[in-house]
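Okay, thanks everyone, let's get going.

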Amino acid sequence: MTILFVNAWVLTLDEAMSEHNPGWVQVDGTTITGLGGGEPPSIAGAEIVDCGGDIVMPGMVNTHCHMGMAVFRGLGEDVDDRLYRYILPLERKFVSPEMVRVGSALSALEMIQGGVTTVTDMYYFEQEVGRVAAASGLRAIVGQTLADFQPPDHRNWDEGFALVEALVDEFAGHPLVTASIAPHAPYSTGRATMERVAQWSADHPNIPVQMHLAESDLEVRWAQDNHGCSTVEVTREAGLLKPNLICAHCLQLDHADITMMAEAQVCVATNPRSNGKAGRGIAPVEALRNAGLPVGLGSDGAMSGNTLDLFAQFAPVSMFAKLLGKSRRPLPARDVVQMATIEGARVLGLNLQTGSLEPGKQADLIRISLAAPRLHPIYDPYSALVFAAMPGDVLDTMVAGRWLMRNRQMQTLEPKKALRDALQIAEQFRAEMVLLDEQKA
Ligand SMILES: [Zn+2]
């Protein structure tokens, strides 16, 4: 079956940043088989999608998320001790395979509607996340989290590694879902277990590793007090600083850390909205990219960043870089769109499959309506995407040639069910929060 997108403003995000306007894209099965400007080829039996001048571009790549946490969205928003007052007690009591399934379905729905086609996740009961991602049709890297703070799904490291093994077994050979191992952070894993993860990773070189790194002052102090060096250095000493490591956040870095990370060729997922809201700091995105490190955009979980599309990350990541540089020049709009697509794919090691529109690559693409007044006029499509477009402007979302959303109609998930299930869990949370407040009073 051939699908031919015609009359489109095609942003390829290829090496040359080629654009075709008007342009066309041909999809056969799971794959992009051709694209260009001018007259589209005439193919007997092809389904023609007339885009009416809309943007067709690669689907976006969310490089850091906790899909199961969508049910915590906005909970205790401005309460300074919300982590200890609400989140940890609620997580201990309620995080279950069912809750993770419900949160992940809500997250998948939001991401597909917002133009995300690939997501990297780390949380608990991660097999459930992988199953939801597979059913929704998203491309996903799903990471089983390992942590020492009484997590809900493992009592010790052996149990944690067993969960990782089960995840790897379940998704071996899956066309869209890749298993991953996710030590939570250096301070919540510890050097000895990081070494064990590094050893496991050496035995499983194709499995990506994800970790929160250099996220807070607390972590910096932990590294200094316990190891007399930076948190990046502890990670390197443990043998984890390797090209398949996806480092989330990376806020507290000095020049030596960035050099170490560049030498090790690790990858970075920056989460500007989540970091900004927490008042944690600003990731040195320009310095990291100038050092040759690929940097992708991440939403973080909805508890921290509230929304899971990448449009919401565009303005903050750009403004933070401009504020740091005290100039309009840092991180131009086209670089931000690269980070959301091809550079994000590079962070995940998926850049040969996705992240740009090129013949031979997977047909992971989105169509963005330009009908809104916010999108008139357009002198530069990248500026329009970064500073004016909204997730609601995404009309179509396709992964590997399969429609996940078409004309805003979901094709793989049941929106009403996803929303209803999430509200049910929220009712349980609300009741528990009243009890927690009473205990506190
Ligand atoms: Zn995170």
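So, helix H2, residues 97-113, and helix H3, residues 126-136: their axes come within 9 Å and cross at roughly 35 degrees. H2 passes H3 in a right-handed crossing. On the H2 side, the contact is made by Pro-97, Val-100, Arg-101, Ser-104, Ala-105, Ala-108 and Ile-112, and on the H3 side by Glu-128, Val-129, Val-132 and Ser-136. Keep in mind that this is a predicted model.

Now stay with H2, and bring in helix H17, residues 415-440. How do these two cross? The axes of H2 and H17 come within 9 Å, at roughly 130 degrees, which makes H2 oblique to H17. The crossing of H2 past H17 is left-handed. From H2 we have Met-99, Val-102, Ala-105, Leu-106 and Leu-109, and they meet Pro-415, Ala-418, Leu-419, Asp-421, Ala-422, Ile-425 and Phe-429 of H17.

Next pair: helix H4, residues 157-171, and helix H6, residues 191-203. Their axes come within 12 Å and cross at roughly 25 degrees, so H4 is roughly parallel to H6. H4 passes H6 in a right-handed crossing. Trp-157, Asp-158, Phe-161, Val-164, Glu-165 and Val-168 in H4 meet Thr-193, Arg-196, Val-197 and Trp-200 in H6.

A quick stop at Leu-88, which sits in helix H1, residues 82-94. Is Leu-88 buried or exposed? Buried, because its relative accessible area is 17% and the cut-off for buried is under 20%. Leu-88 and Gln-150 are 62 residues apart in sequence, yet 9.7 Å apart in space, C-alpha to C-alpha.

Okay, the metal. Which residues coordinate the zinc ion? His-64, His-66 and His-212, each through NE2, plus Asp-300 through OD, at 2.1 to 2.6 Å. Along the chain, the donors follow the spacing H-x1-H-x145-H-x87-D. His-64 is in strand E6, residues 60-65, while Asp-300 is in the loop between strand E13 (295-297) and helix H12 (302-305), so this pair ties together parts that are 236 residues apart in sequence. Both His-64 and Asp-300 are buried.

And the geometry? The site is irregular, with angles of 81 to 171 degrees among its 4 donor atoms. For reference, four tetrahedral donors would ideally sit at 109.5 degrees.

Terms used:
Residues are numbered from 1 along each chain as its sequence is written. This is a predicted model: local features need pLDDT of at least 70, side-chain atom pairs count only at pLDDT 80 or more; totals for chains, interfaces and linings use all residues. Side-chain values use heavy atoms; hydrogens and water are left out. Donors are N, O and S atoms within 2.8 Å of the metal (3.2 Å for Na, K and Ca); water is not among the atoms, so sites may look incomplete. Four donors count as tetrahedral if all angles lie between 85 and 135 degrees; four count as square planar and six as octahedral if opposite donors are over 155 degrees apart and all others between 65 and 115; anything else is irregular. Helices (H or I, at least four residues) and strands (E, at least two) are DSSP runs, numbered from the N terminus. Buried means under 20% relative accessible area, exposed over 50%, partly exposed in between (1.4 Å probe, protein chains only). Axes are lines fitted to C-alpha atoms, for helices over the stretch in contact, and angles run from 0 to 180 degrees between N-to-C directions. Angles under 35 degrees count as roughly parallel, over 145 as roughly antiparallel, 65 to 115 as roughly perpendicular and the rest as oblique. A crossing is left-handed if the near helix is turned anticlockwise from the far one by less than a right angle, and right-handed if clockwise. Contact means heavy atoms within 4.5 Å.
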